[in-house]
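Work through the exercises below with the sequence and the model in view, and try each task before reading its solution.

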Amino acid sequence: LTCSSISSTTARNAQSWVWKHFSLERQPSSKEKFPPAKCKQCLKYVSRSRGNTTNMTRHIQREHGELCVMEELSKPLIANPPEIPPNVKEADLKEANDLLVNAIVWGLLPMCVVDNPFLRQFVEKVSRDSFALPHRTKLTEMVDKKYEEVKELLTKNLALASSVAITTDAATMKNTGDGYVAITGHWITPTWKLMSAVLGVKISDESHTGETIFVLAKEVTQKEFFLADRLDAVGTDNGSNFVRAVELMLSENVTEEHIRCACHTLQLSVKKAIETVQPVVELVELFRKIVNTISGSPVLLKALRDKQNNPNLSFQFELPSSDDQSMPHEQQMDEEESDEELSEMQSADEPDNEFLHWGVTKKSYQGCRYSLEFDLFHVTTSSRTEGSH
């Protein structure tokens, strides 16, 4: 909390909050138009050369910060709570507020969006002053209330299910470093309709170990939604922490079966198989270097966009060798040099519409630079090292 939002007024009307902590003691011999103010806390004099309270406010902030906190806490949460216009029914106002809450939640919008003065003016204009956006504090209360209502409805629906399965995963926010574990429930209604709903997104201050995930999953399924003896299966990826978490759930009879994600299993299988085929490994590494080179250069990104809009344009650049840690210099080849490079890269006995032509070995790849020519559906690579393809 700071005093930056607390307004100041002149000493003439002494309306500023800082005057509670200052006094004026004009000396008879003083000829100053605005004599210094004396702090009641430390008895120091603070200059008022222009007659405002700026220096006084800064003095309180710097020397007596606790007074700022007390001043902020003494303010009402909502300075001017919106009143229901006389021509608006309370039911209509509730419906409008519910729509606002849904827009905030489903759009993942920050609460401060309702403090945008232009948005408030827009809403008042289109509603002809029949609806005023609630302030942030009120909106937070509305969202919390909506959460409790939805959770109660979800609990009643889950109570009708004879069995429930859950899927769970974890993630760490890059901007804040916070760790989250999400749990989604899946069940079939008495009318044979497949349903899914998020049961919880729990923040975790600890590492996403199997034990941590186990505790969070047990808390959500048993304590919050009362799924004891009805949790038939848990679906996760193949991460060792989730495997461990489900092992603990199975050992304590929290669930009956562990179903591993088929897509993740297939992805791991393909990745493992690719790692045994050296030409494919080299090709993947080549394209990774292409992507990293282009994405790290604004000039190449613009050239690529221009190429996408106009296939007739030339788009050529050099890839750095593996031992070159510096970013490559962007360079534009003229049309004549581009045509010459392209003709050298394409084999005479191969069709022009071939999707990819390459034949480099790992050794030549690491020790040379490549000239690349991109068409919309055509990628050709060629080593400038003599003797390689």
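## Exercise 1: a cavity lining

By class, the second largest cavity is lined by 7 nonpolar, 2 polar and no charged residues, where Ala, Val, Leu, Ile, Met, Phe, Trp, Tyr, Cys and Pro count as nonpolar, Asp, Glu, Lys and Arg as charged, and the others, Gly among them, as polar. The model is predicted, so local features need pLDDT of at least 70 and side-chain atom pairs pLDDT 80 or more, while totals for chains, interfaces and linings use all residues. Residues are numbered from 1 along each chain as its sequence is written, and side-chain values use heavy atoms, without hydrogens and water.

Task: state which residues line the second largest cavity, and which element gives the most.

Solution. The lining consists of T168, I213, A217, V234, T236, F242, A245, V246 and M249. Two or more of the lining residues come from each of α6 (210-224), β7 (231-236) and α7 (240-251), and α7 gives the most, with 4 residues.

## Exercise 2: a loop threonine

Task: decide whether T189 is buried or exposed, and find the partner of its side chain.

Solution. T189 lies in the loop between β5 (179-188) and β6 (194-204). Its relative accessible area is 17%, so T189 is buried (under 20%, with exposed being over 50% and partly exposed in between, for a 1.4 Å probe and protein chains only). The T189 side chain makes a polar contact with the side chain of T191 at 3.0 Å, a polar contact being a pair of N or O atoms within 3.5 Å, where within protein one must be able to donate a hydrogen and the other to accept it, and residues adjacent in sequence count only if both atoms are side-chain atoms.

Terms used
1 Å grid on protein atoms, 1.4 Å probe; cavity = no way out; pocket = protein on both sides within 12 Å on 5 of 7 lines; lining within 4 Å.
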